[in-house]
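Subject: Structure handover

Hello,

Here is the structure I promised to pass on. Have a look at it first, and then read my notes below.

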Amino acid sequence: MATPAHSSPIPTLDLNDGRAIPQLGLGIYAMKGAEGVDAIVNAVDTVGYRLLDTAVNYENEREVGEAIANSAVDREELFVTSKIPGRHHGYEESIASTEESLARLGLDYLDLHLIHWPNPSVGKYLDTWRGLIELRERGLVKSIGVSNFTEAMLTELIEATGVTPAVNQVELHPYFPQTELIDFHRSIGVQTEAWSPLYRDQGLFDETPITEAATAYGVAPAQVVLRWHLEIGSLPIPKSANPDRQRSNADVFDFSLTPAEVGAISALERGRMKDRDPLSHEEM
């Protein structure tokens, strides 16, 4: 068996299905080719990331699989997530899509599989959810969840199947803190996960509540934002192929923000980055 380069500094959270998930993960969007593989291996072996977040639509599951094969860390210590694209919605389609993902990854199972977007005009996310339940029963997927689902959509899944998603991965950052959705997730036992946790456009790191906290704690603005996620109950998955930023992003567990600092950062709210309202925005 492989020996981990070192233990992970990232703690875990308990999911509603009894499994544990790392409290911070590595976003892998746009990491491709040999450089992408090397970046993922560095994040796992050198920094200690264990949660790897990919998707069919990222077109890099093969790179993720190669990185896992090249890593010094045992597969069982990793928490690998992928996502079913809109074009694969449906009961049988979701099962076939997952089998294809596993083949590309070279894995026997996924730790977490998500419906990437609900695509409500297609009207198949409930059938897709039933497919994920079947995949979990077969052991091909350990935990199942969704991405970009609304409160009403989550309620529909639960009422129709009796199975509550373990995770809902949504756009979440200080400009779009999703306070009501996080509260709803907490009330039904769903873990909130954040894509684009650091925002993708310029300006966030220059906001006064963030720069003041960074100065107070001697950390980078990005570390303040990631710590804010942890404080509000959000599981962030920042993307970086840069070794120094990978290390910095993961080094957020030895300081805390005060409730006043958290509140001031949440008060930066101004809305989504782009018009990606899951009631209207769809991705295939």
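Strand 4 (residues 51–53) runs parallel to strand 5, and the two pair over three bridges; pairing here takes at least two DSSP bridges between two strands. This is a predicted model, in which local features need pLDDT of at least 70 and side-chain atom pairs pLDDT 80 or more, while totals for chains, interfaces and linings use all residues. Residues are numbered from 1 along each chain as its sequence is written, and side-chain values use heavy atoms, without hydrogens and water.

Strands (E, at least two residues) and helices (H or I, at least four) are DSSP runs numbered from the N terminus. Leucine 51 has phenylalanine 79 as its bridge partner in strand 5. Between strands 4 and 5 the chain passes through helix 2 (residues 61–70), in a right-handed β-α-β crossover (clockwise from the first strand over the helix to the second, with the strands pointing away from the viewer).

Strand 5 also pairs with strand 6 (residues 110–115), again in the parallel sense, over four bridges. The crossover between them, through helix 3 (residues 91–105), is right-handed too.

How is strand 5 placed? Six of its six residues (79–84) are buried, so the rest of the structure largely encloses it; buried means under 20% relative accessible area with a 1.4 Å probe, protein chains only. Phe79, Thr81 and Lys83 cover one side, and Val80, Ser82 and Ile84 the other.

Finally, tyrosine 49 touches residues including Ile10, Leu78 and Gln246, with contact meaning heavy atoms within 4.5 Å.

Best wishes

Note on methods:
Buried < 20%, exposed > 50% of the residue type's maximum accessible area, 1.4 Å probe, protein only. Lists of a residue's contacts leave out its neighbours within four places in sequence.
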